[in-house]
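Subject: Handover of a structure for your study

Dear colleague,

Please find below the structure that I would like to hand over to you.

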Amino acid sequence: MAVFNFGSINIDYVYKVDHFVAPGETLSSTAYKAILGGKGANQSIACAKAGTRTLHIGAINSKDQHMLSPMTEAGVDMSHVKHSDDIASGHALIQVTPDAENAIILFGGANHTIELDHIDEVLQQAQTNDWVLLQNETNAISDIINKAYAKHIPVAFNPAPMTADIASLPLEKIQLLIVNEIEAMQLTNTKTENEAKLVLQQQYPNTNILLTLGKNGVIYLHAGNEQRAEAFVVDAKDTTAAGDTFIGYFLANYTNQDNVESAMRIACAASAIAVTREGAAPSIPDKDEVSTFLSNRT
């Protein structure tokens, strides 16, 4: 089994600030660094570190190739990443406050250059027991969903960042939909978590839904049934890649036919470790660290 991640690769420009900058304000940063990020890259690293064969499909500007080392070191297959001399790499400006909250501005760049023939070429290599993983930081999402569905390859979709056009995608063809509570309410045009859960299950009755709730844990919804896992309490420093770490670890264990409860608990542990570290990709733990964390929590 393998995960084919059609995902973003960003360069994250991270600034530590006392508070989020306000309109018209000039704010000095107390620290700065440039690191690999992007929801796609982070989730590929998490999948690979969790022990699942992971292929990343995307693009980056040639001058930024050196930033890909965390992905190759994690064991991600990068043979389907295209390099461009003409289009800037995707990148993000990230503010991080002392209480570990973050605010992010994204520029898509090369992430929006996935071509249809490239999609076909990659999916020809996928088997029906493989998975396609998607986020909302690349182009051609509808095409990828439809092409994977036609080949009977299950799709996991994390529609983040949430945009108005998400609802028009063929979400009924998705096997696993992964949203946080805000995204769930935006997608369903509801005002509470409970309303969102009800509408999601009504609109997508054949879809497995993973609802992440931050410090309140995670809920898995399927066929009217609900399973919940609690989050681990840790001293958080930076939440930038927490959700991506959770998704990568959950998918790796879920698709390897671990039970859902186990997959959620492992993913919660990986996410808990990630928030105790600074940065996006550098914060993602390997599976031995996650195993040690869990053994100390039983």
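Which backbone nitrogen does a side-chain oxygen of Asn180 reach at the start of H5? The nitrogen belongs to Ile182, and the oxygen of Asn180 comes to within 3.1 Å of it. Such a polar contact is a pair of N or O atoms within 3.5 Å; within protein, one must be able to donate a hydrogen and the other to accept it, and residues adjacent in sequence count only if both atoms are side-chain atoms.

Please note that this is a predicted model, in which local features need pLDDT of at least 70 and side-chain atom pairs count only at pLDDT 80 or more, while totals for chains, interfaces and linings use all residues. Residues are numbered from 1 along each chain as its sequence is written, and side-chain values use heavy atoms, with hydrogens and water left out.

The sheet

Helices (H or I, at least four residues) and strands (E, at least two) are DSSP runs, numbered from the N terminus. Nine strands make up an open sheet with mixed pairing, in the order S5-S4-S1-S8-S9-S10-S11-S12-S13; two strands pair if DSSP finds at least two bridges between them. Strands S5 (77-84) and S13 (225-229) each have a single partner strand, so one side of each lacks a neighbour in the sheet.

S11 (residues 208-212) pairs with S12 (residues 218-222) in the antiparallel sense over 4 bridges. Within this pair, Thr212 stands opposite Val218, and Ile209 stands opposite Leu221. The two strands form a hairpin with 5 residues between them, and Gly214 in the turn has a positive phi of about 60°.

S12 is also joined to S13, by 5 bridges, and these two strands run antiparallel. Here His222 stands opposite Asn225. This second hairpin has 2 residues between its strands, with Ala223 in the turn at a positive phi of about 50°. Because 4 of the 5 residues of S12 are buried, this strand is largely enclosed by the rest of the structure. Buried means under 20% relative accessible area, exposed over 50%, and partly exposed in between (1.4 Å probe, protein chains only).

Helix H5

The buried residues of H5 are Glu183, Ala184, Met185, Leu187 and Thr188. They pack against S9, S10, helix H6 (193-203) and S11, where contact means heavy atoms within 4.5 Å. After H5 comes Asn189, whose phi is positive, near 55°.

Yours sincerely
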